[in-house]
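Take a look at the model below.

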Amino acid sequence: MNKINGNLKQRFVQPEELYSFIGKVVTLQGSVYKIRLMSGFAFVILRTKRSMVQCIYSQEFACFPLENIKEEACLILTGEVVAEERSKTGYELRMLDVEVLSSPVEESPVVINNKCMETSLETLLDFRPITLRNEKERAIFKLQEGICRGIRQFLTAQQFTEIHSPKLVYAGAEGGANIFKLDYFGGEAFLAQSPQFYKQMMVGVYERVFEIAPVYRAEKHDTSRHLNEYISVDFEMGYIEGFEDIMQMETKLLFEILEFLKTEYTFELKLLNVKLPAITEIPAIAFTEAKQLIAQEYNRAITDLEDFEPEEEKLLYELIKKKTGSEFVFVTHYPSKKRPFYAMEDQENPDVTLSFDLLFRGLEITTGGQRIHNYEEQLNKMKRRGMNPEAFESYLMIHKHGMPPHGGLGLGLERFTSRLLEQTNVRYSSLFPRDMKRLVP
Ligand code: AMO
């Protein structure tokens, strides 16, 4: 009988260690990213887990014909590491022998090995399984991984517990019509619009919780900032003094994410030429004040009293950047009418909530605020809104059975990534975007 002892054999050299093997013959694995024919030799670029390895093919050293390898073939390659000043890494691999593990059976429908993908967003997404192999395309999602690792590292250090809440739910938390309904064994269920109810429930258990998971919005409009499935970064914390505590925590979180990227993801930051924003302090402005400021400075009429128009978000960004240098701005005290039933109202002015949005480079990336923790207060607000409290019995258990003052936020991972990289469409930062027209791949 075989016994599995957990020791995965490391058969090959890791590309990151190649530098220490100069002068030695090594074996490594990877895919052929690009073959560039020169006179008398060829450059073969090998795509490995994170980096590209420059290899040289020459009949002088190789014991196989170049025709044996094609772009996108998967190889086990044996070669000699030689110092080479002109290579970006300071070395290259002189190809000696290969074992071809698999070879493509069709020509690629789209060129993926140029510096940037020179194609439309549609084509980029249609052929996602292969276009993601482009060096810059995959770097976007490596950076996104870095953002999530930074979040986990910071929040864990702040004693938040990571949770996983259900995505099949009995009711929507965010209101509105953008909820996916499904048949659940003959009954009705929904896809979670957010982990709102569950993260609040879990504050009663752990005091501080967070979750990074997909959520679903049946948005029927096709815009550059809406997806039907996106990754929501949520945290929720108890024993807060006010919603300002949440903004403080988010500011520190963003600062720490950027610091983490600077140390762990320099390769991708450089490759994608990312201009990281400076974060020391983030200005905060009340919603009505922001509306008036935009109207005054840009001589615009205020048409929507309860929300920002996308254009206003961009103008506010310009204005705040000019005045303070910050690329982020918190907008606080949103009108109660526009916020969900769980949002706490300002005691002094119940028309507004103790809530905020964070705008980054002209786009809303976060919504957060303080929640109602008092049972009567929550019940009354639901009744005022014509909701049936009985339908929310399991949620209201937390209010009935003691909850600390608490609040939290939800940050759209794709929106944040996309603004960080200054992309024109949030889909560029979604691995396999879901929108009204796209369910494949
Ligand atoms: P909200 O509905 O504002 O708040 O969503 C929070 C953040 O999620 C992102 N987002 C989206 N990203 C891509 N496509 C969409 N269709 C989309 N909709 C929202 C945005 C937004 O700021 N429960 C509250 C959060 C909280 O108070 O804790 C909520 O979900 O970046």
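The paragraphs below go from the whole chain to its pockets, cores and cavities.

This is a predicted model, in which local features need pLDDT of at least 70 and side-chain atom pairs count only at pLDDT 80 or more, while totals for chains, interfaces and linings use all residues. Residues are numbered from 1 along each chain as its sequence is written, and side-chain values use heavy atoms, with hydrogens and water left out.

Start with the whole chain. Its secondary structure comes to 11 helices and 18 strands. Helices (H or I, at least four residues) and strands (E, at least two) are DSSP runs, numbered from the N terminus. The C-alpha trace spans about 85 × 65 × 40 Å along its principal axes. Of the 441 residues, 51% count as buried. Buried means under 20% relative accessible area, with exposed over 50% and partly exposed in between (1.4 Å probe, protein chains only). Contact means heavy atoms within 4.5 Å. Among contacts between residues at least 6 apart in sequence, 65% join residues at least 24 apart.

Now look for empty space. Rolling a probe the size of a water molecule over the atoms shows where empty space is left. The search runs on a 1 Å grid over the protein atoms alone. A cavity is a set of points where a 1.4 Å probe fits but cannot get out. A pocket is an open set with protein on both sides within 12 Å along at least five of seven lines. Lining residues have an atom within 4 Å of a point. Grid points are joined across faces, edges and corners, and a volume is the space filled by probe spheres set on the points.

The largest pocket holds about 1,200 Å³ of space. It has 48 lining residues, and Asn178, Arg217, Glu219, Glu364 and Thr367 are the closest to its centre. Several elements give two or more residues to this lining, among them helix H4 (196-206), helix H8 (310-324) and strand E17 (363-370). Which element gives the most to the lining of the largest pocket? E17 does, with six residues. The lining divides into 14 nonpolar, 17 polar and 17 charged residues. Here Ala, Val, Leu, Ile, Met, Phe, Trp, Tyr, Cys and Pro count as nonpolar, Asp, Glu, Lys and Arg as charged, and the others, Gly among them, as polar.

The second largest pocket has a volume of about 980 Å³. Domain 1 (15-102) and domain 2 (135-429) both give residues to its lining, so this pocket lies between them. Those domain bounds come from an automatic or database domain assignment. The lining has 26 residues, with Met52, Lys88, Thr89, Glu135 and Phe267 nearest the centre. Helix H6 (266-271) is one of the elements that supply at least two residues. H6 gives the most, with four.

Next, the packed interior. A nonpolar core is a set of buried Ala, Val, Leu, Ile, Met, Phe, Trp, Tyr and Cys residues joined through side-chain atoms within 4.5 Å. The largest one has 46 residues, and Phe235, Leu254 and Leu261 have the most contacts inside it. Helix H5 (244-264) gives the most to this core, with nine residues. Leaving out residues up to four places away in sequence, Phe235 touches residues including Leu155, Phe160, Met249 and Leu409. A second, separate core of 24 residues includes Val44, Cys55, Ile69 and Val81.

Go back to H4. Its buried residues include Phe197, Tyr198 and Met201. The buried residues of H4 pack against several elements, including strand E7 (168-169) and helix H10 (393-400). Just after H4, Glu207 takes a positive phi of about 75 degrees. His399 sits in H10 and is buried, with a relative accessible area of 4%. Among its contacts beyond four places in sequence are Ile372 and Tyr375.

Glu219 and His221 are among the residues that line the largest cavity. The second largest cavity holds about 50 Å³. Its lining has six nonpolar, three polar and no charged residues. Phe197 and Tyr198 of H4 are among them.
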